[in-house]
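Welcome! Please have the sequence and the 3D view ready.

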Amino acid sequence: MKDLDLVSSHAAAHWKTALSDRLDPKWREDIDKFELDILLKKKGKVEDRVFAETRLRMGAYGQRYDNGHRHDGNESRVIPFPTDLNKGPETKWDAPGMERIKLPWGGMSAEQLEVMAQLAEEYSDGILHVTTRQDIQLHYIHIENCPSMFRRLAAVNITTREACGNSVRNVTACPIAGVCREEAFDVTGYANAVFKYLLGHPDVQDFGRKFKIALSGCKHNPCGLTNIHDLGLTAVVRTQADGTVKRGFEYVVGGGLGAVTYDAKLFSDYVPEEEVLALTQATCRVYARLGEKKKRHRARIKFLVADMGIDKFREEVLAERAKLPNDPRWTEFLATLPKFEEKPLRPAGKGIPKTNDAAFDFWCLTNVYPQKQDGFLTVTVTLPMGDITCNQARALVDISRKYLKDTMRTTVEQNIVLRWVSEADLYNVYNDLKAIDLAQPGAASIVDITACPGTDTCKLGVSSSRGLAAELRTRLATKFVQMDEAVRNLRIKVSGCFNSCGQQHIADIGFFGISRNVAGYIVPHFQMVLGGEFINNGGRYGLATGGIASKAIPGVVDKLLDLYMTGKTKGEGFRHWVERTGKAAIMQAVADVAAVPAYDKDKSYYTDWGSVREYNVKDKGMGECAGEVVSLTEFGLKAADREVFEAQIKFDAGDWKSASKLAYQAMLFAAQGLVKMYNIDISDDADKVMAEWKERFYDTQKFFDPFAGPRFAQFYIHAHDERGAELDKEKASRLLQESMLFIEAAHSCNLRLSMGAEKGKEGILAATKSGSKA
Amino acid sequence: MDLQYLNWKVYLDNPAEAEPDEWFKVWNDWIPDAPEIFIDVADYKHVQDGPVILLVGHYVNYSLDAGGRELGLLYDYKHPLEGSNEDKIKSGLLGTLRVAKRLEDEAGFKHKPKFNAGSLRFIVNSRAIAPNSAETLEAVKPELAKVLSKAFGADGFTLEHLSDPRQRFTVQVTAKGNPSLADLIQRLA
């Protein structure tokens, strides 16, 4: 076997030479530099940390098990990768990773899709995965294959630069921009201008965290999701005094999902088109200058905007804008906008052909959108969990070439749209898609479930989001045709952890992965989030209602849908029904199907969806005494769960003051419960609980999440410091979310410590008995 | 031509009986204590015309593969190999047959796979090394035929170049007889 040296292999040299003339000189330089970084890293001349950020900025991300360990259901085993080299802190060089490919505004030509299919085949696992930010991701990539991949992508005008890392990520936009019947105007050219202007711009190289921008053509549809972005631009027009109509954007900043959701703040209701790039640059400069750099969990712009307040933030940005020297690119792009006006390949149709094909008719209902241009349609190709195989992708390329003029786009719901399909061709397009198994109905419906990679490939995944999504999709699809339209149009979104890549907060029914201790066994769970709003650009966030075992969720969803159908008033939307019914009543109604059977009765609950490994079994053989101490901790955590649930009910009833008080009290119970591991006599006094919890769990970092670090601990410290303060609705909502996350972190901390209890049991027992600190 | 990244696919004789969930479990069970470096098993049974269940390794991936809409075991060697092209072709084929045999003998299956050892596909998974052209066929054919002659006998097989230029270099191998996996392994080992 040869040493792995793909960078200088014959194949790599081939692409370097063959494609050299086709690459943009700047992009070629970026790739050459990255290739050199790989070689230097292999010679030990680059720090792990520095190389990690370098590769991230080229879209090369880590993947699960890249620390060289994998739990097989019984124990964690070392994956014996051949070299000791790392490609980042605790990230093995040989471990496969993920490559994120940026597709600005989701645009994708036939040639580009064909090349991505080739790359997936040659370097990945044969699957192209569409993400919730219109990117395409390839998994199981070896870092040394990246330069060849980048060259092949760059040759068809795709860059991966700044697809990950602390940079401006993919600029997303409505997938139906330009063909939408309700848009103010086509935002495609503007999205492209923002992408091009900021790519590699010196003002966006010093962020503390990532920065996501989205553009939308209207306010009320969900396609652009501007409200959940760091910067959201929504097209608006204004009629001038002379009667002319002028284009501009509503400009919002500081929105975000993540662990704790933030509503975007209105910066301006109208920024003229010629000012958009300049103002965006100024916003980026303020973020780079004032944004948090050290505390990663406070580094997104949403924290800066919330801390400063939108008025002060606006003042700062406008002052920055006033200082900026003029850049001709701010307005030059306006002359290029016409080139984004798409043209059809085929003549307009005169109505959709009549057929006797019921499946086609149903597919038309859910997957076909009549464009504003008469005779043309946009077709949604639903991709199960965003996945498409290389052969399907190539066949889709053929369909695109046969019926379209390079007018495919990816969507934030992990699908692909074919724009400018002539009505006359629709039945043929349907049959061509059907032949490659891509004519499933149900786009933007309850079966079109969004899921992040979760435990399949993500390092941060707690529960199997894709496994759950696949199961729900399979079950719901069997009754989809018979469903009432009110149920059919609901959205389900799933994330494997609290980070919200699956956008669960803006789903009618959302889930994010957590784990819970059930009678000494660790059981995969999801927090259920109800009543989020996808429309209005992700207009309102849902709230977590309670943890449910992964395997119980399909039953809970069925019950929930039944409850909604039988309980809703005529025309009542899901969110309104949730608010009217109350989360407590809903949770009570699903309690029977949510119950977790004992391990001896049904072991399947103790294994996650899409896994054959037992989720994780607590070490056996705990002594009686330790068992009692643990039960006191769990008693405290249960009390915290109850308290935070009460807080939600108060919040739903509009009693923010009580909700805030209870949310803090819930954190206190959780902290107290943890302290009881060591000191069963801990006082109820809030200051004393804080002091002892801080000493035992914060200062020792025992509470710190393996990935989020001190983030959740700081929620409690902050809440303790601010307790008693009057909170408005938004702040109370945030405190509630932070309380839930702190409690989840307390559960995780308890699990981690009890997993390690075998080693440290004697020490803990001794400390417990003596009341001393371990 | 220095052949690398060689793939072999051996087709299932009983594709209708294949249960992807069983393959998923079996391959998960193979990971601990394997002499190979395996990383994880991926489940892609929700997509068509590609991988169904994939055992991801450091050097080699195995997959229950439905590419071309025919179910079989795909053996994808991902790292550069030393030796002559004949050695590398033989090594990949032998590896494929051995995995297929192990799967046939695997106790973890309720629906045991049965492979058709007389129907194989040879793929070079690199368009840089082996464009799917007549020139590549000319360059590869002598050494490929040498290996196959050992397995099937000099006149015991036919080769068909699948020449779609958008696909990777692919040759379909069809045996004239009905050889077993064990026979082929014995002849090549």
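## A pair to begin with

Which residue forms a salt bridge with A:Asp311? The partner is A:Arg314, and the closest N and O atoms of the two are 2.9 Å apart. Here, a salt bridge is a side-chain nitrogen of Lys or Arg within 4 Å of a carboxyl oxygen of Asp or Glu. Side chains of opposite charge can pair when their charged atoms come close.

Both A:Asp311 and A:Arg314 sit in helix 9 of chain A, 3 residues apart, which is about one turn of the helix. Helices (H or I, at least four residues) and strands (E, at least two) are DSSP runs, numbered from the N terminus. A:Asp311 is exposed at 53% relative accessibility, while A:Arg314 is partly exposed at 22%. In these terms, buried means under 20% relative accessible area, exposed means over 50%, and partly exposed is in between (1.4 Å probe, protein chains only).

## How the model is read

This is a predicted model, in which local features need pLDDT of at least 70 and side-chain atom pairs count only at pLDDT 80 or more, whereas totals for chains, interfaces and linings use all residues. Residues are numbered from 1 along each chain as its sequence is written, chains are lettered from A and ligands numbered from 1 in the order in which they are written, and side-chain values use heavy atoms, with hydrogens and water left out.

Over all chains, the count comes to 74 salt bridges. One of them joins A:Glu316 to A:Arg289, with the closest N and O atoms 3.4 Å apart. A:Glu316 lies in helix 9 (residues 310-323) and A:Arg289 in helix 7 (residues 276-290) of chain A, so the pair ties together parts that are 27 residues apart in sequence. A:Arg289 is partly exposed, at 42% relative accessible area. Both residues also belong to a network of salt bridges, whose members include A:Asp203, A:Arg285 and A:Lys312.

Most residues other than glycine have a negative phi. A:Gln134, however, has a positive phi of about 65 degrees. A:Gln134 is in the loop between strand 8 (127-130) and strand 9 (136-141) of chain A, and is buried at 0% relative accessible area.

A:Asp437 also has a positive phi, of about 60 degrees. Its place is the loop between helix 13 (426-435) and strand 20 (450-451) of chain A, where A:Asp437 is partly exposed at 27%.
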